[in-house]
Amino acid sequence: MMVANTIEVRDVAKKFGDNPVLKQISLQLPVGQIMGLIGPSGAGKTTLVKSILGMEKVDAGTTTVLGTAMPNRKIMQRIGYMAQSDALYENLTARENIRFFAELMSVPKSQLSTAIDHVAQVVNLTDALDRRVSAYSGGMKRRLSLAIALVQDPELLILDEPTVGIDPELRQQIWAELYQLKAQGKSVLVTTHVMDEAERCDYLMLIREGIALAQGTPQQLEQEYDVKTIEQVFLKAGRLQDESHSDL
Amino acid sequence: MRVIAIFKRVLREMLRDKRTLALMFIAPLFILTLMFFLFNTSSDTVAKIGVSNVDTTVVKAIKNKHVKLTHYSAQATAKAKVREDNLAAFIKQKNGKLTVTYQNSQPSDSALVRQALQGGLTKIKVQALAAATQAQKKALQQQAKVLKTLVAQQQKMAAAQGATGAGATQTAPVQSQQTKLKAPTNYSVTSHYLYGSSDSTFFDTFLPILLGFFVFFFVFLISGISLLNERTTGTLTRLLATPIRRGEIITGYLMGYGLFALIQTVITVTFALTVFQIHMIGSVWLILLINFLLALVALSMGIFVSTFANSEFQMMQFIPILVIPQVFFSGLIPVDQMANWLQWIAHIFPLYYGGNALMNVATRGVGFDGIALELGILALFAILFTILNVVGMKRYRRV
């Protein structure tokens, strides 16, 4: 079934106790696009991502991924997810980690080693593949997490802060890979608070205090706020939000 | 297949962690060895007894290999000597009356003295009785002799008189009296032991329970901490971002740690049987089966309580609450001698059923039918906690 939007979020709201984390958020990610979620830490980006994956119970609203209402267990196979914190088995080698998740994702046995070699190459870890993760640096762990997210060749990639602790050169490499995936018709949802990364996305969504402040292509946003960079969009949007708060 | 992936991963992680592996396989052997020597040397203890002015017959009778007697003067005071020479007891005789003063700081020593004393006094009584019967016998024999001569004389007289009938009736009772006297009162005691043998020790009876306890304790701890780590490092959330079923995760864990528990049991049982020559009457396979079920209970329970802990240290805090009480009800202390309400409490602990079953198989040779109920209850425990775990994981993914 062909669907126009890979992700469709409608009026999602979520509270942790009395503290609202997401307020009436809606979002569409068209097939074959890269969407960036930007916002300061604590804005609700990770909660939104988890709600999309069906791992967080939402209080109101619906999320649909690849034409299927979430939560749905089987659809997970078509999503590559990279969590904000590196969730790796430190006692195992990188290869064993990738292999384990590949098995869970039902990658056929015959394709396992080629898939592992391929993703290791993408994140530049081929030489360190048989080292234990406990000996890895922070950046290497991030790259390994990304490799795991890519291993089953998913239609949708959801990456939560993928480039934290990764040097600029490798960051270029990773973005090149994301563009290549996009060229293959795959969709990417990426959260970040690095502004130059935001400029590379097809669509952007600004979140602050659980509210979607602005949505659109980077150019649209810059025009809308009458500024030159996304960073300025971000700052201006934040200021406006604070002003409207003080008006209330 | 996802279950297999989890299973393989659990095995691989465990094999990489050499210290935990050593804890699981070598620690039980170490504790067993320690207990073996602790319990076995206790049977060679000797209690020191001081005696003052006690008849030699009594002293002789009391003497056995578990007590060492020291003689004191008639003026010695019991309390002073017990303190000075660290005696287990002091026996003083006055006008045929024995007064015993126990130190009683080691109840086991007091017990040894009491045993020796009681044994000795019975011995004396028996001897006295034997002596009395001996004397009686002699007297009777003399009487019989007199009677015999009397009878002989009578017979002679009767023969002379020609009245044979009267003579025959007179001899009969005398003969019967003689046969009665012949039986000597030489009682010997033969003992039969229903379970175990005369050299059964604490160790023999406790070993099966200890095996069950080791399995329970280590599996509980290791599996609980392992799932806790999985939770705190975020790998559990990551796992649930794959199409794996919640039940598959738990099953993989059960298989992985179940295998280690099985290996642990095999090692400890083999060790106990070959090195210590333990008496094990029942089937070893049943012992393994019970331990495996106990491991499954420990595993599912460990995983369950780990959700209430936020760190390894908090996991440790469950040991005094959930593990130690189980030891009391595992059969090391006889449950049927406990207060009624305690007996009821015993029934909520898995180790009560496990200990019961292990004891029945190992020391009474009970077969599968005899322990089916316990096995069933253990299985129910495991199923209950597994369901709770699977449901509890809904917190991380709603499907």
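Visitor: How many bridges join S9(A) to strand S10 (residues 211-216) of chain A?
Guide: This is a predicted model. In it, S9(A) and S10(A) run antiparallel. Met205(A) stands opposite Gln215(A) in S10(A). The number of bridges joining the two strands is five.

Visitor: Which residue in the hairpin of S9(A) and S10(A) takes a positive phi?
Guide: Two residues lie between the strands of this hairpin. The phi in question is near 50 degrees. The residue that takes it is Glu209(A).

Visitor: What is the bridge partner of Met35(A) in S9(A)?
Guide: Start with the pairing of strand S3 (residues 34-38) of chain A and S9(A). The two pair in the parallel sense, over four bridges. In S9(A), the partner of Met35(A) is Tyr203(A).

Visitor: How many residues of strand S9 (residues 203-208) of chain A are buried?
Guide: A residue is buried if 20 or more other C-beta atoms lie within 10 Å of its own. By that count, S9(A) is mostly covered. Of its six residues, the number buried is five.

Visitor: Which helix of chain A gives the most to the side that touches chain B?
Guide: In the contact between the chains, 23 residues of chain A meet 23 residues of chain B. One helix of chain A, spanning residues 94-104, gives five residues to that side. That helix is H2(A).

Visitor: How many nonpolar residues has the side of chain A that touches chain B?
Guide: Sort that side of chain A by class. Five residues are polar and five are charged. The nonpolar residues number 13.

Visitor: Are H2(A) and helix H4 (residues 138-150) of chain A roughly parallel or roughly antiparallel?
Guide: Their axes are 9 Å apart and pack at an angle of about 30 degrees. Angles under 35 degrees count as roughly parallel. So H2(A) and H4(A) are roughly parallel.

Visitor: How many residues of the contact of H2(A) with H4(A) are nonpolar?
Guide: From H2(A) come Ala94(A), Asn97(A), Ile98(A) and Phe101(A). They meet Leu144(A), Ala147(A) and Ile148(A) in H4(A). One residue of this contact is polar and none is charged, and the nonpolar count is six.

Visitor: Why are helix H15 (residues 350-364) of chain B and helix H16 (residues 368-392) of chain B called roughly antiparallel?
Guide: The two axes come within 9 Å. Angles over 145 degrees count as roughly antiparallel. H15(B) and H16(B) are therefore roughly antiparallel, because their axes cross at roughly 150 degrees.

Visitor: Is the crossing of H15(B) and H16(B) left-handed or right-handed?
Guide: Residues of H15(B), among them Tyr353(B) and Ala357(B), meet residues of H16(B), including Leu378(B) and Phe381(B). By class, this contact has nine nonpolar, four polar and one charged residues. H15(B) passes H16(B) in a crossing that is left-handed.

Visitor: What is the handedness of the crossing of H13(B) and H15(B)?
Guide: Helix H13 (residues 318-332) of chain B packs on H15(B) at an angle of about 30 degrees, with the axes 7 Å apart. The two helices are therefore roughly parallel. Their crossing is right-handed.

Visitor: How many polar residues has the contact of H13(B) with H15(B)?
Guide: H13(B) brings Gln326(B), Phe329(B), Ser330(B) and Gly331(B). Their partners in H15(B) include Asn356(B) and Met359(B). Four residues of the contact are nonpolar and none is charged, and the polar count is five.

Notes. Residues are numbered from 1 along each chain as its sequence is written. Chains are lettered from A and ligands numbered from 1 in the order in which they are written. This is a predicted model: local features need pLDDT of at least 70, side-chain atom pairs count only at pLDDT 80 or more; totals for chains, interfaces and linings use all residues. Two residues are in contact if their C-beta atoms, placed from the backbone, lie within 7 Å. Ala, Val, Leu, Ile, Met, Phe, Trp, Tyr, Cys and Pro count as nonpolar, Asp, Glu, Lys and Arg as charged, and the others, Gly among them, as polar. A residue is buried if 20 or more other C-beta atoms lie within 10 Å of its own, exposed if 12 or fewer, and partly exposed in between; C-beta atoms are placed from the backbone. Two strands pair if DSSP finds at least two bridges between them. Axes are lines fitted to C-alpha atoms, for helices over the stretch in contact, and angles run from 0 to 180 degrees between N-to-C directions. Angles under 35 degrees count as roughly parallel, over 145 as roughly antiparallel, 65 to 115 as roughly perpendicular and the rest as oblique. A crossing is left-handed if the near helix is turned anticlockwise from the far one by less than a right angle, and right-handed if clockwise.
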